[in-house]
Amino acid sequence: MTNQEVGNRLVSLLRDGKFNDVYDELFHPDAEHIEPQSEHFAHVKGVAAIKAKDAAMQENIAGVQGMEVGDAIIAKDYIAIPYKMTVELKDGNQWPLDEVIVYKVQNGKILSEQFFY
């Protein structure tokens, strides 16, 4: 799969909310999640650990109010995607996300994702 094909598939799955499919289909098993600004998930290694991170975050979310996934921007071994989401937390507050996610890709698999917000 070319990096453009990975980017197109990634955007399609994200727009459909198929996050586990993203990890199962596109991520290398030893992929890394990098989010230095997060106090709980600054660095997570391995698809199983990344899925566990998502599950832990999901425990606080009551619902998604809106989501917008931009088109993939491809630059050699990197894919950047603008991503916006507003979630309603179980405590009743809303949490708006506005970020760019940068993925490093090699041999058709995502090696890392890094969140900028």
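These are my notebook entries on what I looked up in this structure.

**Entry 1: the model**

I am working with a predicted model. I keep that in mind for each entry below.

**Entry 2: the nonpolar core**

I began with the largest nonpolar core. It holds 28 residues. I looked for the residues with the most contacts inside this core and found L10, L14, F27, I79, I81, Y103 and I110.

Next I asked which elements give two or more residues to the core. The helices on that list are α1 (3-15), α2 (19-26) and α3 (47-58). The strands are β1, β3 (61-69), β5 (78-89), β6 (94-106) and β7 (109-116). Which element gives the largest share? Strand β5 does, with six residues.

I then picked Y103 and read off its contacts, leaving out residues up to four places away in sequence. Y103 touches L10, L14, F27, I79, I81 and I110, among others.

**Entry 3: aromatic rings**

I wanted to know how many aromatic pairs there are. The count is two.

I took Y23 and F27 to begin with. Their ring centres are 4.9 Å apart and their planes stand at 85°, so I noted the pair as edge-to-face. The cut-off behind that word is an angle over 60 degrees. Y23 has 7% relative accessibility, so Y23 counts as buried. F27 is at 3%, and F27 counts as buried too.

F27 also pairs with Y103. The centres are 6.5 Å apart, the angle between the planes is 85°, and this pair is edge-to-face as well. I checked where the two partners sit. F27 is in strand β1 and Y103 is in strand β6, 76 residues apart. The pair links distant parts of the chain. Both F27 and Y103 are buried.

**Entry 4: salt bridges**

I counted four salt bridges.

The side chains of E25 and R9 meet at 2.7 Å, N to O. E25 belongs to helix α2 and R9 to helix α1, 16 residues apart. E25 has a relative accessible area of 30%, which makes E25 partly exposed. R9 is partly exposed as well, with 32%.

K51 and D24 form another salt bridge, at 2.5 Å, N to O. K51 lies in helix α3 and D24 in helix α2, so the pair ties together parts that are 27 residues apart in sequence. K51 is at 26% relative accessibility and counts as partly exposed.

I then turned to D54 and K53. Their side chains meet in a salt bridge at 2.5 Å, N to O. Are these two partners buried or partly exposed? D54 is partly exposed at 22%, whereas K53 is buried with a relative accessible area of 5%.

**Entry 5: E35**

K53 came up again when I looked at E35. E35 sits in the loop between β1 (27-34) and β2 (43-45). E35 is buried yet has no salt bridge.

What does the side chain of E35 make a polar contact with? I found the side chain of H33, at 2.8 Å. Beyond four places in sequence, E35 touches F41, A42, F115 and Y117.

**Entry 6: two further residues**

Q94 lies in strand β6. Q94 has 52% relative accessibility and counts as exposed. Leaving out residues up to four places away in sequence, Q94 touches Q65, T86, V87 and E88. I also checked Q94 against G63, which is 31 residues away along the chain. Their C-alpha atoms are separated by 9.6 Å.

G70 is in the loop between β3 and β4 (73-75). At 18% relative accessibility, G70 counts as buried; the cut-off is under 20%. By the contact list that skips residues up to four places away, G70 touches V11, R15, I81 and P82. Last, I noted 8.5 Å between the C-alpha atoms of G70 and K84, 14 residues apart along the chain.

Conventions
Residues are numbered from 1 along each chain as its sequence is written. This is a predicted model: local features need pLDDT of at least 70, side-chain atom pairs count only at pLDDT 80 or more; totals for chains, interfaces and linings use all residues. Side-chain values use heavy atoms; hydrogens and water are left out. Helices (H or I, at least four residues) and strands (E, at least two) are DSSP runs, numbered from the N terminus. Buried means under 20% relative accessible area, exposed over 50%, partly exposed in between (1.4 Å probe, protein chains only). Lys and Arg count as positive and Asp and Glu as negative; His and the chain ends are not counted. A polar contact is a pair of N or O atoms within 3.5 Å; within protein, one must be able to donate a hydrogen and the other to accept it, and residues adjacent in sequence count only if both atoms are side-chain atoms. Contact means heavy atoms within 4.5 Å. A nonpolar core is a set of buried Ala, Val, Leu, Ile, Met, Phe, Trp, Tyr and Cys residues joined through side-chain atoms within 4.5 Å. Rings of Phe, Tyr and Trp (its six-membered ring) pair if their centres lie within 6.5 Å; planes under 30 degrees apart count as stacked, over 60 as edge-to-face and the rest as tilted.
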